[in-house]
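Thanks for coming, everyone. Please look at the sequence and the structure on the screen while I talk.

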Amino acid sequence: KQGHGRRGVKAVVSTQSTGTQSTVPRPFLPRDCLMFPTSQHPTAIRQGCNLGSSLTGKMTLTYCYWDLRALGEIPRYLLRYSGQDWKNDRIPFNDSGFSRWGAEKFAMGLDLPNLPYLIDGDIKVTQSVAVIRYLARKFGLMPGDDEKDIVKCEMIEQEAVDLRLAFQKLCLDDKFEENKQAYLEKMEEKMGILDTYIGKGPFVLGEKLTYVDFMVFEYVSQIRKFAPKQVEKSGNIVRLLLHIRELPQLQAFFNSEEFKTVPINPSFAKFIG
């Protein structure tokens with residue numbers, strides 16, 4: 001497809017920080033970042049490492065999130081697609097990771113400290129959709145100037161977020177088995193409406209690839225692992241997923257162990273993926 005001929009991307013994976021010890025300014029809970037239940041985790045953490053000193057000088061673009069797909073995988077797709085060198089900083093979703101993030105959280109110079117975060121020179125971005133939009137602008141994956149195209153992308157962006165949040169709610173529901181069927185019925189209905197709106201594609205805006213295609217791809221792919229039969233009924237969406245899977249810039253990733261092994265949700269979820 002036109003505009004897809006970018007070179008591959010090199011990512012450096014890191015799960016450990018460097019720097020000096022720092023005291024956590026307040027107790028940290030996993031729910032601060034993922035909205036996940038905290039009963040299975042410590043209610044406060046100890047000391048950890050401070051990355052602030054490592055952010056001086058010229059650095060490769062850094063993206064940081066838990067070592068999960070969850071709400072943080074879409075920026076990774078945009079970065080892989082871009083061909084730009086970047087640091088893929090994954091924090092383990094365990095006690096050591098909670099300790100590390102609790103110590104770093106208020107020492108990074110982030111205006112609204114949260115995960116994921118993106119650091120690009122003197123620009124620091126948090127909140128998953130804000131990070132996605134920033135990278136879309138940077139890499140030329142916005143819809144353009146046509147107001148109808150902009151509105152379509154923004155609406156589908158939010159619909160994709162809604163689909164993911166409903167799926168997350170079920171995965172963390174103590175009444176998972178009891179509520180699963182109702183979720184599947186409602187999801188299939190919403191997926192059908194979205195399928196019609198997306199149209200024949202192959203992407204949301206026809207031949208033009210945008211950041212929203214990556215959002216639909218990732219969030220629907222997560223749901224597809226749980227409910228393949230229901231998702232397969234949405235032919236236009238399945239076609240979009242196939243076209244993303246065929247992008248040459250992403251083939252190395254799709255053939256990697258990272259793609260095969262990184263879970264969607266943490267180990268205490270009812271569906272890990």
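Which helices do the buried residues of α6 pack against? There are four on the list: α5, α7, α8 and α9. In numbering, α5 covers 147–171 and α7 covers 211–226. Then α8 covers 228–232, and α9 covers 235–245.

A word of caution first. This is a predicted model. The average pLDDT for the chain is 84. At least 70 is reached by 78% of the residues. Residues 1–58 are another matter: pLDDT stays under 50 there. The model still has 150 contacts beyond four places in sequence for that stretch.

Which of its residues are buried? They are F176, Y183, L184, M187, M191, L194, D195 and I198. Look at the spacing. An α-helix has 3.6 residues a turn, so residues three or four places apart point the same way. Now follow Y183, M187, M191 and L194 along α6, all of them buried.

After α6 comes G199. Its phi is positive, near 80°.

Next, the surface. V151, M155 and Y197 make a nonpolar patch of about 260 Å². V151 is found in helix α5. Is V151 buried, exposed or partly exposed? It counts as partly exposed, because its relative accessibility is 35%, which falls between the 20% and 50% cut-offs.

Last stop: the loop between α6 and α7. T210 is found there. Why does T210 count as buried? Because its relative accessibility is 0%. And what does T210 touch, leaving aside residues up to four places away in sequence? Its partners are L141, M142, P143, C153 and L205. Take P143 as one of them. T210 and P143 are 67 residues apart in sequence. In space, their C-alpha atoms are 6.1 Å apart.

How values were computed:
Residues are numbered from 1 along each chain as its sequence is written. This is a predicted model: local features need pLDDT of at least 70, side-chain atom pairs count only at pLDDT 80 or more; totals for chains, interfaces and linings use all residues. Side-chain values use heavy atoms; hydrogens and water are left out. Buried means under 20% relative accessible area, exposed over 50%, partly exposed in between (1.4 Å probe, protein chains only). Helices (H or I, at least four residues) and strands (E, at least two) are DSSP runs, numbered from the N terminus. Contact means heavy atoms within 4.5 Å. Patches are made of residues with over 30% relative accessible area and no salt bridge: like charges are joined within 9 Å, nonpolar side chains (Val, Leu, Ile, Met, Phe, Trp, Tyr) within 5 Å. Accessible areas come from the Shrake-Rupley method with a 1.4 Å probe; for residues, only the protein chains shown count as cover. A salt bridge is a side-chain nitrogen of Lys or Arg within 4 Å of a carboxyl oxygen of Asp or Glu. pLDDT is the predictor's confidence in each residue, from 0 to 100.
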